[in-house]
Amino acid sequence: MGDLREPLRDLIECGLPQALEVMGERWSFMILRASFNGLKHFEEFLTELGIARNILSNRLAKLVEHGILKREPCADDRRKIEYRLTDKGFDLLPAMLALRQWGQKYGNEQVIEDPVLVDERDRLPIGPVSILAHDGRILGHHDLWLTRPENLGRRADGTIANPGAELGQGDVVDLEAAKKAAAL
């Protein structure tokens with residue numbers, strides 16, 4: 001990743017230790033997976049996951065505290081509480097899928113998906129989670145480079161990447177707008 005290295009001892013300046021502080025143990029991921037599968041009630045998590053009541057209570061509280069889940073009264077019975085994913089929680093889906101795919105590929109046991117996660121339109125299995133460049137190119141580990149903030153956009157040959165220039169030149173593109181345009 002170039003000549004520059006992250007300050008590995010200074011864990012505060014990196015998002016990974018912060019993410020692990022919130023999600024860095026098995027039950028948090030299992031609760032999140034259950035939430036992505038539509039579970040909302042304490043008793044559902046308890047039954048479906050086979051988790052101890054005190055551990056579930058602790059992990060739910062931590063996920064709520066960090067804004068990944070929110071507690072809401074049930075619409076049909078205000079005495080019951082639902083745990084719902086927040087936008088921050090939904091943003092963990094690519095990381096969850098990447099970990100799941102990695103486990104399927106490198107786990108000790110062969111994993112047969114049933115049911116299979118597919119895209120809604122074509123109902124075909126999703127592809128591998130990838131690292132994307134700002135313009136949508138798929139990157140491999142050899143394509144990654146560390147740079148200082150003041151050098152963002154400065155290419156190896158000294159030219160500058162201009163956000164909004166034509167696609168394919170390594171410049172910035174609005175992926176959301178491109179997706180919407182492609183859907184028309």
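Modeller: Let us start with Trp 27. Leaving aside residues up to four places away in sequence, Trp 27 touches Leu 49, Gly 50, Ile 51, Ile 55 and Arg 59. This is a predicted model.

Biologist: Where is Trp 27 placed?

Modeller: Trp 27 lies in helix 2.

Biologist: What makes Trp 27 count as buried?

Modeller: Its relative accessible area is 18%. Buried means under 20%, so Trp 27 is buried.

Biologist: How far apart are Trp 27 and Arg 59 in sequence and in space?

Modeller: They are 32 residues apart in sequence. In space they are 7.2 Å apart, C-alpha to C-alpha.

Biologist: Which residues meet between helix 2 and helix 6?

Modeller: From helix 2 come Phe 29, Leu 32, Arg 33 and Phe 36. They meet Leu 93, Met 96 and Leu 99 in helix 6.

Biologist: Now the charged pairs. What makes Glu 72 and Arg 84 a salt bridge?

Modeller: Side chains of opposite charge can pair when their charged atoms come close. For Glu 72 and Arg 84, the N to O distance is 3.3 Å. The cut-off is within 4 Å, so the pair counts as a salt bridge.

Biologist: Where do Glu 72 and Arg 84 sit in the chain?

Modeller: Glu 72 is in strand 1, residues 69-73. Arg 84 is in strand 2, residues 81-85.

Biologist: Why are Glu 72 and Arg 84 called partly exposed?

Modeller: Glu 72 has a relative accessible area of 25%. Arg 84 stands at 30%. Buried is under 20% and exposed is over 50%, so both fall in between.

Biologist: How do you know that Glu 113 forms a salt bridge with Arg 100?

Modeller: Their closest N and O atoms are 3.2 Å apart. That is within 4 Å, so Glu 113 and Arg 100 form a salt bridge. Arg 100 is in helix 6, while Glu 113 is in the loop between helix 6 and strand 3.

Biologist: Arg 121 and Asp 122 also meet in a salt bridge. Is Arg 121 buried or exposed?

Modeller: Arg 121 has 72% relative accessibility. Exposed means over 50%, so Arg 121 is exposed. Asp 122 stands at 37%, so Asp 122 is partly exposed. Their N to O distance is 3.0 Å.

Biologist: How many salt bridges does the rule give?

Modeller: The count comes to 9.

Biologist: What is the overall layout, read along the sequence?

Modeller: The pattern is α-α-α-α-β-β-α-α-β-β-α. That is 7 helices and 4 strands. Of the 184 residues, 20% are buried.

Biologist: What is the mean pLDDT of the protein?

Modeller: The mean pLDDT is 85, and 81% of the residues reach 70 or more. Over residues 166-172, the pLDDT is below 50. Beyond near neighbours in sequence, that stretch has 20 contacts in the model.

Terms used:
Residues numbered from 1 in each chain as written. Predicted model: local features only at pLDDT ≥ 70, side-chain atom pairs only at ≥ 80, totals over all residues. Heavy atoms only, no water. Salt bridge = Lys/Arg side-chain N within 4 Å of Asp/Glu carboxyl O. Helix = DSSP H or I, 4+ residues; strand = E, 2+ residues; numbered from the N terminus. Buried < 20%, exposed > 50% of the residue type's maximum accessible area, 1.4 Å probe, protein only. pLDDT = per-residue confidence, 0-100. Contact = heavy atoms within 4.5 Å.
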